[in-house]
Amino acid sequence: MSFDREKLSGFLDGELSSEETREIELALESDPTLAAELEQLMAADSFAKQEFEEMLSEPVPLGLAAAVRNAPIEPSAPMASNTNRVQLRNRQAPWWSAVAAALALVIGSAGGYFTGLNTQPQIIAAAPGWLTDIADYHRVYSAQGRHLVEVDASESDHIETWLTNTVGADVVIPDLESHGLNFRGGRLLVAAGKPVAQMMYTDAAGQVVALCLIANPEPDDVFRSRQIGGFDMVTWGGGDANFVLVSDRGRDDLEAVARTAASSV
Amino acid sequence: MYQSLSDQYVARADCAVLSVRVSMPGAAAKAWGGEREKTLSDDLKKELIVLLPRLRRFARTLTRSASDADDLVQDACLKAIVGSEKWDHTQPLDRWVFRIMRNHWIGETRKTKVRLGEGHVPAEEANELVQHQTPEDALRGSQLHSQIEQLPTDLAVLLLAVSVEGYTYAEAAEVFDIPLGTVMSRIHRARKTLAAQLKQDAGAMQ
């Protein structure tokens, strides 16, 4: 059959005219070699899709999200955007970035890699820095659908052990089904320079509610509702950790969910 | 090579961190005035943050390096925020930012080449010149998978746009600034090359 083989790709992508499509369909029926060629193209395509899909699960450096959030809305210098770039790379690394890097090595695809603020340790330590970071993460990950979590809920035991060991505080996955929330899995994040355990839940409508905890020898002693970065949060402390429950705005049961979570962790 | 470019910004970047943190509290930002403008750009920023995983994937495919990719994503986002009035709202944000990234990357690689005394090169070749893995990339284990990695950049990034992002040939032609006919021939070449690679790998395993 005499047509340009490139049209097989056009055929796959639905980019041919109906006449050309018909021509290819006829050729495929009568020519097994051509059909085999099309199959190879389709196999290559689905391989590529899978490989590219996996790239979406990789952790986004939190410094990047922070740089976008904090970007000036007007150019600050004649050199335009480059002058505004916040350093993402690790030059004079503070101790915790070494910890983050080591975790990345040990765990494989560990959580976010945060070097954007490495020259301002006193700012990093200031509250509620980690909550701002959590809001950024929530924005990134709650929109991810299939890539919501790093480790799936089916490995709950592993999640608890892994996050407990990494975060340095007891991680227990609370059962929140009485609030219509199903546990979907966990992630390891790095917020304000410290490892953070994140447990993800979704409701029937697919809305994401995340419970995060960060080790702290002097945890908060009260429940507080806050709005940070466009999200609702409830924070509290217990044991050796501070907790935050985060969701989109407008969930009226967030504090009730937080109290259930607090009573079971 | 790109890294050396960004080295120039280290000192300024440190200042940027400071000023950014200082200006962050809402009350201070409001003092800038232009409340409506601020709201619009806040919305844009939120949308950009949601897009980050996909922007990084695109940038990684284009630059072949995780750290260059993150710099590129950041630069492109800053450009988008500063130039938000240029965004045609009938077009999806991702396509606009992909286009910014692609143009910015070509500009950066061309500048690097000129600085190295290699003169101007056709834009189509430029993005294949800078392919390296920094130690940080190695540490983060963040190289593209090998088969995709072995595709020429122009093919890989087009495959991403069409097969994965679901762009039509016309949309891809616009993002990459290439003729419509070139899209089909490149996408076909990408699949053929990948198919041959997979066949070879399968053969090697037997």
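Start by selecting strand β2 of chain A, residues 182-191: this strand is mostly covered, with seven of its 10 residues buried. Buried here means 20 or more other C-beta atoms, placed from the backbone, within 10 Å of the residue's own. Strands are DSSP runs of E with at least two residues, helices are runs of H or I with at least four, and both are numbered from the N terminus.

Before you go on, some housekeeping. This is a predicted model, where local features need pLDDT of at least 70 and side-chain atom pairs count only at pLDDT 80 or more, while totals for chains, interfaces and linings use all residues. Residues are numbered from 1 along each chain as its sequence is written, and chains are lettered from A and ligands numbered from 1 in the order in which they are written.

Two bridges join β1(A) to β2(A), and the strands run antiparallel; strands pair if DSSP finds at least two bridges between them. Look for A:Val151, which stands opposite A:Gly186 in β2(A).

Click on A:Ala191 and you'll find its bridge partner, A:Lys194, in β3(A). β2(A) and β3(A) make a hairpin with two residues between them. In that turn, pick out A:Ala192, which has a positive phi of about 50°.

Switch to chain B. Here there are 12 helices and zero strands. Of the 206 residues in chain B, 38% are buried. Residues 24 or more positions apart supply 63% of this chain's contacts with a separation of 6 or more, a contact being two C-beta atoms, placed from the backbone, within 7 Å.

Last stop: where do helix α3 of chain A and helix α10 of chain B cross, and at what angle? Select residues 32-55 of chain A and 153-164 of chain B: the axes come within 10 Å and cross at roughly 95°. Axes are lines fitted to C-alpha atoms, for helices over the stretch in contact, with angles from 0 to 180 degrees between N-to-C directions. The two helices are therefore roughly perpendicular, the label for 65 to 115 degrees. Show A:Asp45, A:Ala48, A:Lys49 and A:Phe52 on α3(A), then B:Leu159, B:Leu160, B:Ser163 and B:Val164 on α10(B), to see the residues making the contact.

Technical notes. Angles under 35 degrees count as roughly parallel, over 145 as roughly antiparallel, 65 to 115 as roughly perpendicular and the rest as oblique. A residue is buried if 20 or more other C-beta atoms lie within 10 Å of its own, exposed if 12 or fewer, and partly exposed in between; C-beta atoms are placed from the backbone.
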